[in-house]
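Hi,

Here is the structure I promised to pass on to you. Have a look at it first, and my notes follow below.

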Amino acid sequence: MTLLKAVRGTRDLLPPETELWNRVEATARRVFARYNFGEIRTPLFEDTQLFARGVGEETDIVSKEMYTWEDRARAQSEKAQSLTLRPENTAGVVRAYIEHKLGETGLLQKLYYIGPQFRRERPQKGRYRQFWQIGAEVIGPPSAGSESPLRDAEVLEMLASLLDELGITGWSLVLNSVGSSSDRPRYIAALREALAPVKDQMSADNQRRAETNPLRVLDSKDPGDEAIIETLPKIADYLDDASKAHFAAVLAALDACGVPYTVNPRLVRGLDYYTRTTFEFTHGELGAQNALLGGGRYDGLSEMLGGPKAPGIGFAMGLDRLILTLQEAERKAAAAQAAVAGVPLLADGFIAPLGEGLNTAALEMAKELRRAGLRIELGDGAFRLKKSFEIGNKLARAIVLLGEDEQRSGILTVKNFATGEQTKIPRGDLAQALKT
Ligand code: ATP
Ligand code: MG
């Protein structure tokens, strides 16, 4: 029989790694709460039209990366429809914003999500077919301040705080303005004109993009095309006064709150809905897939989906890549022991009942210590002492021996594996002793 394995581009996350995932997610939730964001959970699949219209037919995502299928009707009354596993979450959030008429509150909606996304990409380090994103959106009617450059700065400052709080050092913020729906067409026309005489010398991918979506040529990673790309017109020269002033205000606000950044006039990002501010946080540790997160404004997206005017700004952070960065840092610091899949994190204590008659007493002691907030592993009275020590040494920082004597006297024998020190500790002091 052939062994079944996780599908290419998907993977299992096992302890102790999931511990790190939980910690990162908890930190994100805590930071978002401080900025008064609430959580939104949208479905994992949506009508294909949502992404075709929202993300854009000509983007890599929609043209080649989506998992789409024709969903059969189950009854006469139902219609077959084309469905797609979500490749990103902003379109879903904006659909929900429109569907639930959140704009009618007149307030800004500040929503975050944590969940899997799906794209049929070539799997490699930091690139999977099912991957996770943590993202957030600030969206609302213009009267609520949704267009203000202050929103952009607030989101970017929140991201800087989040990365700092997660202990990610060495990130860089790169940003650009891609203009509004009124000044972008002029730029795209200029790009087309500049590309026409040179595109034949470019890679096949870029030749196609020059035709279908010239903006995409700018974020090409093809080194052979660098020289030509350098000569193309810059979007900064095509921004109208309102877009220029907006971008200047974002930069001034970042300066004021001390968030470091660089402006990259070539940053356009891979989704068609972006307007004005676009940004990326990168990290050198990640190699070719160096974008930790990306985002930007999408002032026309709601209207594109048939909704009211609802400017917004958001970002999506690749959780897989964030975890990779943290793991690299940890590996470098060589602080953690080599983590082996299937071996849990070191517990604070391993309780070893000396004889099966002490199993229930050990269970009760474990309960007490766990309620006191400790991470406890429980052995078994059927284990011989030597075996208890061997397993305890693998699973915990200390072993607690619970024999007849200890049970009677209430004084436990505790051995700390790191120091080799063995001490007698009264039961009432045990939790405190194991904590330190
Ligand atoms: P990239 O240029 O790396 O393909 P992207 O522009 O497609 O990224 P977005 O669609 O903006 O990325 O998604 C935001 C973030 O989600 C990225 O910065 C990245 O961290 C993460 N991400 C995107 N695609 C994948 C993937 N296939 N596997 C893992 N993480 C991903
Ligand atoms: Mg991509």
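Two strands count as paired if DSSP finds at least two bridges between them, and helices (H or I, at least four residues) and strands (E, at least two) are DSSP runs numbered from the N terminus. Please keep in mind that this is a predicted model, where local features need pLDDT of at least 70, side-chain atom pairs count only at pLDDT 80 or more, and totals for chains, interfaces and linings use all residues. Residues are numbered from 1 along each chain as its sequence is written, chains are lettered from A and ligands numbered from 1 in the order in which they are written, and side-chain values use heavy atoms, with hydrogens and water left out.

First, the strands. β15 (residues 411-416) runs antiparallel to β14 (residues 398-402), with 4 bridges between them; here alanine 398 sits opposite asparagine 416. On to β16 (residues 422-426): 5 bridges tie this strand to β15, again antiparallel, and leucine 412 has isoleucine 425 as its bridge partner. β15 and β16 make a hairpin with 5 residues between them, and glycine 420 in the turn has a positive phi of about 80°.

Now for ligand 1. It is surrounded by 17 residues (a heavy atom within 4 Å), and the closest are Arg119, Glu121, Arg127, Tyr128 and Arg269. By class, this shell holds 7 nonpolar, 4 polar and 6 charged residues (Ala, Val, Leu, Ile, Met, Phe, Trp, Tyr, Cys and Pro count as nonpolar, Asp, Glu, Lys and Arg as charged, and the others, Gly among them, as polar). β6 (130-139), β10 (291-297) and β11 (312-318) each supply at least two of the shell residues, and β10 gives the most, with 4.

Which atoms come into polar contact (a pair of N or O atoms within 3.5 Å) with the ligand? An oxygen atom of ligand 1 is 2.7 Å from a side-chain N or O atom of arginine 119, and an oxygen atom of the ligand is 3.0 Å from one in the side chain of glutamine 133. Leucine 292 contributes a backbone N or O atom, 3.1 Å from an oxygen atom of ligand 1. Taken alone, ligand 1 exposes 590 Å², and the protein buries 91% of that (Shrake-Rupley method, 1.4 Å probe).

Happy to talk any of this through.

Best wishes

Note on methods. Polar contact = N/O pair within 3.5 Å; in protein donor to acceptor, adjacent residues only side chain to side chain.
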